[in-house]
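Open the model in your viewer and keep the sequence panel beside it. The stops below are given in the order in which to select them.

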Amino acid sequence: MRPYSNSVKLELVIFYEVLMKLVLMLRGVVPVLFLVAILASCQGQSMPSAVPLQEAIAAQDKALFDAYNTCDLVKLGTMVTDDLEFYHDKTGLAVGKQVFLDSIKQNICGKVTRELVPGTLEVHELAHYGAVEIGVHRFHHPGQKDHDVLGEGKFVMLWQNKDGMWKLTRVISYDHATLPK
């Protein structure tokens with residue numbers, strides 16, 4: 001096995017820390033074997049440059065939330081897997097593409113828009129799978145009585161790259177709070 005470069009070691013440490021935070025945050029929702037399998041798959045793997053991956057996931061995030069903000073449910077449906085798992089600190093777990101789309105239609109369309117908070121996007125490779133995206137998003141409420149009230153939350157999203165196509169498989173959206181005016 002080749003020794004890792006310092007940048008690869010740093011990426012592996014960051015990746016490990018993110019996974020451990022997820023385990024602690026979800027209190028056992030993510031099976032430990034899943035984490036062990038991911039970590040084991042990192043052994044002996046060289047990591048490609050993070051710049052193209054960062055750009056690819058940033059583009060996926062933009063496309064996903066352009067569809068979210070404009071209520072393009074058809075586009076949203078093409079960007080997520082059928083077995084999507086969405087963990088939300090306020091509403092709990094939602095499983096499945098159709099449940100996700102129904103929730104967007106009922107609770108988001110015309111009521112909420114989302115923007116990525118500049119400078120918060122992190123992207124890390126998941127070997128033989130895709131990428132993990134981490135960041136902070138801000139929510140606006142256009143057309144609402146209190147439209148100037150802003151909310152922010154943190155998120156972790158797992159993107160799977162299968163045959164060159166990126167799809168969202170898991171979302172954890174947490175630490176939502178109203179921002180002071």
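Select D163 to begin: this residue is exposed, with a relative accessible area of 78%. Exposed means over 50% relative accessible area, buried under 20%, and partly exposed in between, with a 1.4 Å probe and protein chains only. D163 sits in the loop between β6 and β7. Its phi is positive, about 55 degrees, although D163 is not a glycine.

The model is a predicted one, in which local features need pLDDT of at least 70 and side-chain atom pairs count only at pLDDT 80 or more, while totals for chains, interfaces and linings use all residues. Residues are numbered from 1 along each chain as its sequence is written, and side-chain values use heavy atoms, with hydrogens and water left out.

Now colour by secondary structure. The protein chain has five helices and seven strands; helices (H or I, at least four residues) and strands (E, at least two) are DSSP runs, numbered from the N terminus. Along the sequence the pattern is α-α-α-α-β-β-α-β-β-β-β-β. Of the 181 residues, 38% count as buried.

Strand β6 (residues 151-162) holds the next stop, E152. Is E152 buried or exposed? E152 is buried, at 19% relative accessible area. Show its side chain together with that of R138: a polar contact of 2.5 Å joins the two. A polar contact is a pair of N or O atoms within 3.5 Å; within protein, one must be able to donate a hydrogen and the other to accept it, and residues adjacent in sequence count only if both atoms are side-chain atoms. Leaving aside residues up to four places away in sequence, E152 touches V117, V136, H137, R138, D175, H176, A177 and L179, where contact means heavy atoms within 4.5 Å.

Stay on strand β6 and select L158. This leucine is buried, with a relative accessible area of 14%. Draw a C-alpha to C-alpha distance from L158 to L168: the two are 6.0 Å apart in space and ten residues apart in sequence. L168 is also one of the residues that L158 touches, along with others including L126, A131 and V132.

For H124, move to strand β4 (residues 122-126). H124 is buried, at 12% relative accessible area. Its side chain makes a polar contact of 3.1 Å with the side chain of E122.

The last stop is the largest pocket. Which residues lie nearest its centre? Select Y68, F86, H88, I108 and H176, which are among the 30 residues that line the pocket. On a 1 Å grid over the protein atoms alone, a pocket is an open set of points where a 1.4 Å probe fits, with protein on both sides within 12 Å along at least five of seven lines; lining residues have an atom within 4 Å of a point. β7 gives the most to this lining, with six residues.
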